[in-house]
Amino acid sequence: AGFLFWLATGWIVGGFMEEVLFRGFLLTRVSQLFADPALGLAVGIVAQALLFGALHLYAGAFAFVFAATLALSSGIFYLLLGRNLWPLIVMHGAWNTVAIWGVYSS
């Protein structure tokens, strides 16, 4: 029961909500603050990556760097995919599934 609860939480909060908030909302809103669209997108990608990394600081410096790097690449892929969040949601949910499985199988 605990595994299923955390699995659902990992998909809903981690997979869906974090992607919508960081890639879908934050990247877009920050980029709209700039007159130059290219500069706005660059700042938006970096800003959402740094904030996403900061969200993972509870796990230490390595987790911050790892999460920020993953968010940086996710922000780029988000734009390359035509602002389609679904592939990122699935990837994030799958990553969380592996992590949760690792906790429960050890």
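Some ground rules: the model is predicted, so local features need pLDDT of at least 70, side-chain atom pairs count only at pLDDT 80 or more, and totals for chains, interfaces and linings use all residues. Residues are numbered from 1 along each chain as its sequence is written, and side-chain values use heavy atoms, with hydrogens and water left out. Helices are DSSP runs (H or I, at least four residues), numbered from the N terminus.

Let's start with the helix pairs. Two packed helices are described by the angle between their axes and the distance between the axes. Axes here are lines fitted to C-alpha atoms over the stretch in contact, with angles from 0 to 180 degrees between N-to-C directions.

| Pair | Axes come within | Crossing angle |
|---|---|---|
| α2 (residues 37–55) and α3 (residues 61–80) | 7 Å | roughly 145° |
| α1 and α2 | 8 Å | roughly 140° |

α2 passes α3 in a right-handed crossing (right-handed if the near helix is turned clockwise from the far one by less than a right angle). On the α2 side, the contact (heavy atoms within 4.5 Å) includes L41, I45, F52 and G53, and on the α3 side it includes F64, A67, G75 and L79. By class, that contact has 14 nonpolar, 3 polar and no charged residues. Here Ala, Val, Leu, Ile, Met, Phe, Trp, Tyr, Cys and Pro count as nonpolar, Asp, Glu, Lys and Arg as charged, and the others, Gly among them, as polar.

The crossing of α1 and α2 is right-handed. Among the residues making this contact are E18, F22, R23 and L26 of α1, along with L41, I45 and F52 of α2. This one has 11 nonpolar, 4 polar and 2 charged residues.

Now for α4. L88, I89, H92, G93, N96 and I100 of α4 are buried (under 20% relative accessible area; exposed is over 50%, partly exposed in between, with a 1.4 Å probe and protein chains only). Seen down the axis, these buried residues fall within an arc of 125°, so they line one face of the helix; the arc uses directions from the helix axis to the C-beta atoms. They pack against α1 (2–31), α2 and α3. V98 and W101 are exposed, on the face of α4 turned away from its buried side.

Finally, R83 lies in the loop between α3 and α4 (86–105). Its phi is near 65°, a positive value in a residue other than glycine. R83 counts as partly exposed, at 37% relative accessibility.

Terms used
Helix = DSSP H or I, 4+ residues; strand = E, 2+ residues; numbered from the N terminus.
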